[in-house]
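Student: Please take a close look at the pockets in this model. I would like their linings set out together.

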Amino acid sequence: MTKIFITRKIIDSALSPLFKNNYNVVIGGEGPYLDRATLKEKSTNSDAIITIVGDNIDKEIIDLSPNLKIIATASVGFDNIDIEYAKSKNIFVSNTPAANALCVAEHTMAFILNICHRITESDQFVRDGKYKGFDFQLMLGDEISNNILGIVGLGAIGKLVAQMAINGFNMKVKYYDVTRQENWEKEYNIEFEPDFDNLLKTCDILSLHVPLNDHTKHMINAEKLALMKPTSYLINTCRGAVVDEQALIETLKNHNIKGACLDVYEHEPNLSPGLTDLQNVILTPHTAAASLEARTKMSEMAVRNVLQALSGQTPENLIK
């Protein structure tokens, strides 16, 4: 019987097509991260693997399944998969592009509004019994309209963030990307910034939307953080290792930038020492894409990619 291994539980409704085909569906577990021993044991002799962020499908895991036809990640990012080795064995690798774009873009805007208007800080202030009445200068924050939003990576998520910022809040948007998109610039009135350092120097809010690879790891480091304005904010909803977390902590400690919002971390699930002690950072547990709608789309796309591969087709979301 064809075996489909799913590293951790995804949305139940998306699994119906697999059961209808009488596939042997094996789920590794629930919750955060699958331990290595369980991953090896339960993935052995799979015809297809559906994985999610944090479960590493490397050479060792791939070699446990001689008939493996596809590794489908229920995510946009795929840095947890040994892509080149899979390709060398003629194994398809697919992802779920744009499935979570709206949710992540909304989370990004929520981060921006939260930190600029000091929502989390104000909530804690009230809960701590410190609110004694209206104070004209209490919790003064920053309006975001007419400020410059710098977007790094103008993919599906970056575009939605730009649209929300412009149409919803009248922000000025600049972007940096390896590929310029002139038609999109004209349609949405955003500015391409070819000089990454200049973007860092001029933006009021910097939002990261790039994949993690050799070129983007630590693209935000001590040197780059030093270029940002002391009144600026950093938002990261892509991958933790894009930012040198220790360098960011030192920058925030010294108030060399005004604040940061992080949904992802360099050494997940571990946080760098000192991060949670900071008052000028907002932290969420890798949940920027955690809407029922987004998770359902991601699950359905991953399953569809598997069904296509097992039927002899090329998956529509093949990573090339």
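**Pocket linings**

Tutor: By class, 26 nonpolar, 13 polar and eight charged residues make up the lining of the largest pocket. Nonpolar covers Ala, Val, Leu, Ile, Met, Phe, Trp, Tyr, Cys and Pro; charged covers Asp, Glu, Lys and Arg; the others, Gly among them, are polar. The model is predicted, so local features need pLDDT of at least 70 and side-chain atom pairs pLDDT 80 or more, while lining totals use all residues. Residues are numbered from 1 along each chain, and side-chain values use heavy atoms, without hydrogens or water.

The volume of the largest pocket is about 1,200 Å³ (the space filled by probe spheres set on the grid points). A pocket is an open set of points on a 1 Å grid where a 1.4 Å probe fits, with protein on both sides within 12 Å along at least five of seven lines; lining residues have an atom within 4 Å of a point. Its lining comprises 47 residues, with Val 53, Ser 75, Asn 100, Arg 239 and His 286 nearest the centre. Helix 7 (156-169) and helix 12 (292-310) are the elements that give two or more residues to this lining (DSSP runs of H or I, at least four residues, for helices, and of E, at least two, for strands).

The second largest pocket has a volume of about 530 Å³. Thr 120, Glu 121, Gln 279, Asn 280 and Val 281 are closest to its centre, among 27 lining residues. These 27 divide into twelve nonpolar, nine polar and six charged. Helix 5 (101-116), helix 6 (119-127) and strand 12 (281-283) each supply at least two of the lining residues. Helix 6 gives the most, with five.
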